[in-house]
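Please open the structure in the viewer and keep the selection panel at hand.

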Amino acid sequence: MLEVTDLHVNYGAVNAVHGVSFAAAVGKITVVLGANGAGKSTSLRAVAGFHKPRSGSVVLDGETITGLPAHKVVRRGMALVPEGRKIFFPLSVEENLRIGGYTASRSKVEKTMGEVYDTFPILKDRRHSAAGLLSGGEQQMLAFGRALMSQPRLMLMDEPSMGLAPTMVETVMASVKGMVDKGIGILMVEQNADAALELADTVVVVTRGETVWTGTAAQARSDKKIVHAMLGEAALDDA
Amino acid sequence: MSTWYAMNVVLVQTTLTTLLLALSIQVPLRFGVFSFAGVGAFGIGGYGSAIAMVHLGWSTWPAVAFGAVVAGLVVFLLGLVVQRLTGLYMGMATIAFTLIVSVLAVNGGDLTGGAMGLYGALGEISVLQILLVVLLVVALLHLTELGGMGRRVDAVRDDPELANALGVDVVRYRQFSFLVSGLIGGLAGAITTLLRSTITPAEVNFHLVILALTAIVVGGSRSWVGALIGAVIFVWLPTWIGFLAEWERVAYGVIVAVAAIYLPLGVLGVAKDLWHRFRTREERARVAALAKES
Amino acid sequence: MQDVLNATTLGSIYLLFALGMALVWGTIGILNFAHGATFMFAAFIGHLVTARVELPLLGVIAVAVLVGALISVLTQLLAFQPILKRAKNRHAAELRILIAGIGVAAIPLAIAQRQTRSTPFGLRSSYSPQVYEVFGLRITTTAIIIIVLGLVIGIGMTLWLRRSRHGLALRALGVDAETSAGMGVNRTTLAFGTMAVAGGLAGLAGALLTLQLGAIAPETGDQLIIKAFAIIVLGGLGSMAGTVIGAYVLAGAETLVLVMNWGTWVDAVSFGLIFLILLARPQGLLGRKEVRRT
Amino acid sequence: MNRGRMRTNVLAGLAVAAVFTTAACGGNDGGDNGGASGDNGDGGIAETITIAQVQDQTGPVSYAGVGAKEGAELAIEEINEEGFLGDGVTIEMEELDTGGEIERAASEMNKAMADPNVSAIIGPTQSQQAATVAPLVGRGEVPTVFTQAGSEGVVVNDWTFRATPPMESYYEPALDYLEEQGAETVSVLYNATFPTFALLGEDDVPAMAEERGLEVVQSLAVQMTTQDFAGQSQQIARENPDAVVMLLIAPQSVTAMKQLGTAGYEGQVSATSVQAAGNIAAAGDAANGLIYPVPYSTAMEAEGSVAFTEAFEEKFGKDANPYNADGYDAMWWIARAIEASGDSSREGIREGLEQVASEGYSGAMGDVTFEGNDARVPGALVRWEDGAETLVQ
């Protein structure tokens, strides 16, 4: 159970965060919606340990982990799927997975890798080729697989649908669903509201660095016009 | 004044030629090209002018022009050959070029005077003349830092893809930077050589690359002003810290390292920062004064 | 045949020196120009120690390795780490790290020059090299040790980087430091570890080279650094196997020039070769190609 | 790169510097600028005479500059205590550091010349520094005595003098010795990027060898950056000449000596005075039997040499080396010049230096004679054996 309360982060001029709160739970999907530059990505990265928050708190399973550096956050069971996937292009697919399991013990790495290959058979087929040669969708699979390698209880996803063809988006969202079914919690930042709302249990809307609305997906769906209005033009175009 | 000047005239000249050398490295750097060919150009310019004077009997300024033009052309051609290279691979190729220039000078027989170098190329160059040359170079470079031209150069360096998309011919710009680097480096070499009448192969070496690079980074790498600051610092530093005697070089190392750590934009960055703060304070004071009056 | 053996020995010397530098540059992205000074100072401290106590071969090596590692870690702690902490991105840090390395290098150099007045210094050891003659080839035990250690460490490090968990983490750091941190890789700790290993290798190279050559001068490190730079770029940044090949290619080229007795053309031929190879393969022999489809 | 310098670029602004220097020094032979030396332009010796030593006090060649400084200090002590220049007349020395850099040498020379109190200068030791400042000295009209700086282009006008003979002028005894030992073939291994050795290795040694009927069977050129001599050593061992003439800088010499031994070469090796001052000591036993001609050695038996050797030992508690002898002889030459002309002005010292040169003197380097303003010494051939020099013959 992750609880983020009244987060303030200074990062650049556009991405400043002043007052973002949200929560995520195991087996559930929380989607943070917001226009480009609203500060949702910065918040997520602050939770993952890439930016130090100025104030506010990040509590994971009752323990305060505010400001914990990224390499320690992973060890607490939270894995980040970064924006733009950030695959290690020159490394092979399998090496990408192994680095994902850097914090796990040796025996578990092999086992988890088997599971990942079962989930994403395409990765097994191409495990020895350089990751940079994968297609965009395959790279997203690899990013998921890499994050899964640390056996997280919670996965933080930064715009997983970005830059993907619409059919690919569906595949990606389906695999997200699969992960939740296995009991992993998901905290997802998205601009693609429609695709995300299909899956979400809880929806958080962030505008200009602040949380302005929290509710269930059902509420958000029925209130679609309001949500869209808050997200601005960008979301409408995407939808 | 005149005594001080007489004692330090060599340092004044040194500052000006070091500035030229630093600029020959800085220009390509501002275009996003990691090229040290300027130091090779220094050697070509030096030997070119000395050969023109000693073997061809030319007078001072035609010899300087000859050295600079030859250096400019050679480095321009080099630029065409190595334009596919990026980053430090480019750096390595241009360092190789510089070292090869030095080896050619060693093996140049009577033309270059071999290991002993060329003697007796004593030109008639006054500080005022060097100053005029430097002013001309700096004025032309200043134009490339201003307005639209400045923004295009910044784009070529920071985001060549974007620059291309905006219709800036990145390749052409970078080739141009090689030509300019060669001309300025050649000028520095020619003036240096004719001032002191000799040039030897040992001078065209890696240490010169380090001097130029250190001067730019410590001074400030984005503007000719930074190169000037760097040249002043490294030429005069021994005079300022001479009292440290044997520990002078240790102090030099510490100063360079500390500058690299704490001055991300060089001394120029700090100066701009202070100036900005000063201006804001002045502004505030004036506003406060106005408020009081009213 | 003897020439091949000589080239192998020379290549192994270059390799021992270049490996540490290649490791830190290719993984944690630090181009450490103080590597040469680390190498020299480790040998110099070894010299001071052995002047008082005679040590066996392993003792001499241990002293040099420890000193090398210590200097390297101190450099990281006092110079590179603060720069990395302050820099906005890696690209901004690159040049400043280079300059800081140059500054740091000046300090041990000045101290050693002051103490020795730049006379060559050697190491005293109870070990005395034997000369073997096999099939008409002459080789000393020192040369055998250098060749074996060069190959073993070179290949060992290649395999370690390729196979081990930490090796993988280092390679990932070399590609994308931030994302690696997201995978649980502690960059700071690994950086210190890597710098310590590199410094240890510099110390090892310092001890072995001093034993092989009989003596080195404080300036010897400076001469090696440019060769190591060339070797790493030639082999391709980030590839240990490339560094191994690069070292032997450079040594082979230099030996060939000597066999032909073109002594004064050594630099021109070896750097000319590097120049040509870079033209043909802009990313070095085994450099990372930009593999990327989208 | 051994002569490494951080800032080689820059300049000696000869023309302009000279103009301003002359102006600033206000006609030092006219004698009315109030300087301690300048006011004696009409003859006479000042109470205090300042000599500037512009040499490498730091950097890669500091052994030469610091060595000369020690020698000069000893000379000054003797001159002042003896009252050599008359009662109460003292010589003072001001040290300026060239730090191994050409442009800094030019700059420091310029400062020394612009200082009206400086009567004479002991000039840079490195050939390239010296050649750069030599024309400057001519225009500034300050008598300058160089030590070392053995290349051409140094003694070029009336104001330039050299107290150390160029190496080729005292190298002959080495070849005489090789001839006496019955050598017929000789290999030359030389650093072709070091001016003095390039000259010696390419022209002088082959010529000297030919005169004596020695055949140069091999000539191996290396450069400043060459560190490993395994290949050259084996080439030499294969050719197996009767002798090797080795002209290398200090660290290269140590390596070459060791590797020649390793390669199985057992003939006689003849090196240069670079090996003096203990620079070959690091080669240990491998250097035993090495011969080299030196302008000065503690083993020399000439009267002046013995006196210097003992006095130096007493003052500094260590053996004197050729660089110490350089500074000592240079300073004494200047003192003798002042005494000879009875005039401590710059012009007076210049005249005195010429006068002393025409007569020669007996100094640390034995009986010194001159070719013009350039010293010539008998020199000595020494053999390195177990850490000490002994005279050959």
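Predicted model: local features only at pLDDT ≥ 70, side-chain atom pairs only at ≥ 80, totals over all residues.

In what order do the elements of chain C run from the N terminus on? The elements follow the order α-α-α-α-β-β-α-α-α-α-α-α-α, which comes to eleven helices and two strands.

**Chain C as a whole**

Taken along the principal axes, its C-alpha atoms fill a box of roughly 60 × 45 × 35 Å. The radius of gyration of chain C is 19 Å, which agrees with the value near 19 Å that a compact globule of 294 residues would have. Colour next by accessibility: 65% of the 294 residues of chain C count as buried. Among contacts in chain C between residues at least 6 apart in sequence, 77% join residues at least 24 apart.

**A loop residue in chain C**

Select Ser164(C) and show its side chain. Ser164(C) sits in the loop between α5 (141–163) and α6 (165–175) of chain C. On one side, the side chain of Ser164(C) reaches the backbone oxygen of Trp160(C) at 2.9 Å.

**From chain C to chain A**

The contact involves 24 residues from chain C and 29 residues from chain A. About 2,400 Å² is buried between the two chains, with carbon and sulfur atoms giving 64% of this area. Two salt bridges are found across this interface. To inspect one of them, select Arg45(A) and Glu178(C), whose closest N and O atoms are 2.9 Å apart. Seven residue pairs are in polar contact between chain C and chain A.

Which elements of chain C each supply at least two residues of the side that touches chain A? They are α6 and α7 (177–182). Of the elements, α6(C) gives the most, with seven residues. By residue class, the side of chain C that touches chain A divides into nine nonpolar, seven polar and eight charged residues.

**From chain B to chain D**

Hide chains A and C and select chains B and D. Of the four pairs of chains in contact, this pair shares the most contacts: 46 residues of chain B meet 44 residues of chain D. The area buried between chain B and chain D is about 3,700 Å², 63% of it on carbon and sulfur atoms. The interface has two salt bridges, one of which joins Arg104(D) to Glu248(B) with the closest N and O atoms 3.0 Å apart. Three residue pairs are in polar contact across the interface of chain B and chain D.

Now highlight the elements of chain B that face chain D. Those supplying at least two residues each are α1 (2–30), α9 (170–196), β2 (197–199), α10 (206–219), α11 (224–240) and α12 (248–262). The greatest share comes from α1(B), with twelve residues. The side of chain B that touches chain D divides into 26 nonpolar, 14 polar and six charged residues.

**Chain D, and the pairs that do not touch**

Of its 393 residues, 66% are buried. Chain A and chain B do not touch, their nearest C-alpha atoms being 18 Å apart. Likewise, no contact joins chain A and chain D, whose closest C-alpha atoms lie 37 Å apart.

Notes
Residues numbered from 1 in each chain as written. Chains lettered and ligands numbered in written order. Heavy atoms only, no water. Contact = heavy atoms within 4.5 Å. Buried area = accessible area lost by both parts, 1.4 Å probe. Salt bridge = Lys/Arg side-chain N within 4 Å of Asp/Glu carboxyl O. Polar contact = N/O pair within 3.5 Å; in protein donor to acceptor, adjacent residues only side chain to side chain. Helix = DSSP H or I, 4+ residues; strand = E, 2+ residues; numbered from the N terminus. Nonpolar A, V, L, I, M, F, W, Y, C, P; charged D, E, K, R; others polar. Rg over C-alpha atoms; globule rule 2.2 N^0.38 Å. Buried < 20%, exposed > 50% of the residue type's maximum accessible area, 1.4 Å probe, protein only.
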